[in-house]
Amino acid sequence: MTQHQNPSDSHGTVMSVPEASRVATEVLDAVETAVVGKRDALELVLAGILAGGHVLLEDLPGLGKTLAARSFAQALGLPFTRAQFTPDLLPADLTGAEVFDQRTGEFVFRPGPVFTGLLLADEINRTPPKTQSALLEAMQERQVSVEGTTRRLPQPFHVLATANPVEHEGTYPLPEAQLDRFLLRLSFGYPSPEQEWDVVARRIRRRQEEQSVQQVLDAEGLLSAQQAVETVHVEDTVGHYAVELVTATRDHSHALVGASPRGTLALITCARALAVIRGRDYVVPEDVKALAHPALDHRVTVKPELWLQNATGAGVVEAALHSVAVPAAEDDQVRT
């Protein structure tokens with residue numbers, strides 16, 4: 001395969017896996033110049049993007065979710081918009097609307113913030129279900145319907161949504177159908193004292209609040225890297241391991257509803273992307289294990305009577321990880 005000196009010039013060709021791995025590392029390095037000490041979580045966010053999906057960042061305010069989204073948009077060379085989800089946000093505020101132009105006497109479509117490359121859906125659980133459903137169509141179908149007309153969204157299109165897991169007043173819990181549309185759900189967590197001082201020290205040296213990261217790819221380059229993910233090999237034993245993990249979440253005594261087959265697909269798809277990021281053209285069980293919680297926790301519903309016992313989807317997935325035997329590792333070799 002021809003090696004591209006500049007991935008941004010790929011224009012529909014498929015990158016080789018080594019090249020996609022290299023640019024993925026460069027993207028992470030660029031984002032880390034702004035987001036301090038979260039390499040593992042950033043790696044998973046990038047895996048969700050390379051897998052072609054959307055990521056929910058569920059964390060407390062002030063832990064870098066918005067900064068991470070903007071930094072990824074800059075490093076990936078994608079147009080970036082931010083939609084602040086509030087109780088009075090209407091579907092048209094998100095998708096756009098037909099507006100009457102008095103000069104021409106005709107209705108003109110004015111696109112909303114979903115017509116972008118990377119959309120930050122900030123505090124997604126603060127908007128009513130009607131607006132959430134408009135975003136759901138955009139996420140799943142890559143299109144919006146306005147006044148009976150369906151319009152395709154730009155490619156690539158990704159949503160990084162944020163939600164506060166603690167504050168519940170004035171929020172609308174995301175329905176299971178919408179949670180299921182997020183390939184991964186992640187949290188960054190608090191930084192260590194050393195990392196927190198690093199954040200402060202960088203701010204002092206920068207002498208300004210705003211910061212930007214270096215662009216590594218563009219839209220065409222990202223699409224090419226995503227095609228490289230589709231070439232990653234999944235051994236049958238690894239695939240069956242993922243299926244058994246998901247099946248175990250359905251059989252657990254605490255689970256009212258286990259993860260769906262879409263959860264299995266998310267697990268395998270993201271594992272292929274993570275393999276690329278880690279420099280391999282094949283998936284190993286460790287890739288699946290690393291993604292089990294981000295890909296499956298939000299797809300498991302525990303029985304209501306167990307809420308007071310602090311039973312969670314994460315507990316069900318953790319039990320599955322302990323109960324399902326990990327397949328023996330294959331020899332590390334590049335597969336064609």
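The tour begins with a pair of helices and then moves to a pocket.

Before you start: this is a predicted model, in which local features need pLDDT of at least 70, side-chain atom pairs count only at pLDDT 80 or more, and totals for chains, interfaces and linings use all residues. Residues are numbered from 1 along each chain as its sequence is written, and side-chain values use heavy atoms, without hydrogens or water.

**Stop one: two helices**

Select residues 236-251, helix α9, and residues 261-277, helix α10. Helices here are DSSP runs of H or I with at least four residues, numbered from the N terminus. The axes of α9 and α10 come within 10 Å and cross at roughly 140°.

Now show side chains. On α9, pick Gly239, Ala242, Val243, Val246 and Arg250; they meet Pro261, Gly263, Thr264, Leu267 and Ile268 of α10 (contact means heavy atoms within 4.5 Å). By class, this contact has 6 nonpolar, 3 polar and 1 charged residues, with Gly counted as polar.

**Stop two: a pocket**

Next, select Ala34, Gly64, Leu67, Val199 and Gln211, which lie nearest the centre of the second largest pocket. In total, 21 residues line this pocket: 9 nonpolar, 4 polar and 8 charged. A pocket is an open set of points on a 1 Å grid over the protein atoms alone, where a 1.4 Å probe fits, with protein on both sides within 12 Å along at least five of seven lines; lining residues have an atom within 4 Å of a point.

Conventions. Axes fitted to C-alpha atoms, helices over the stretch in contact; angles between N-to-C directions.
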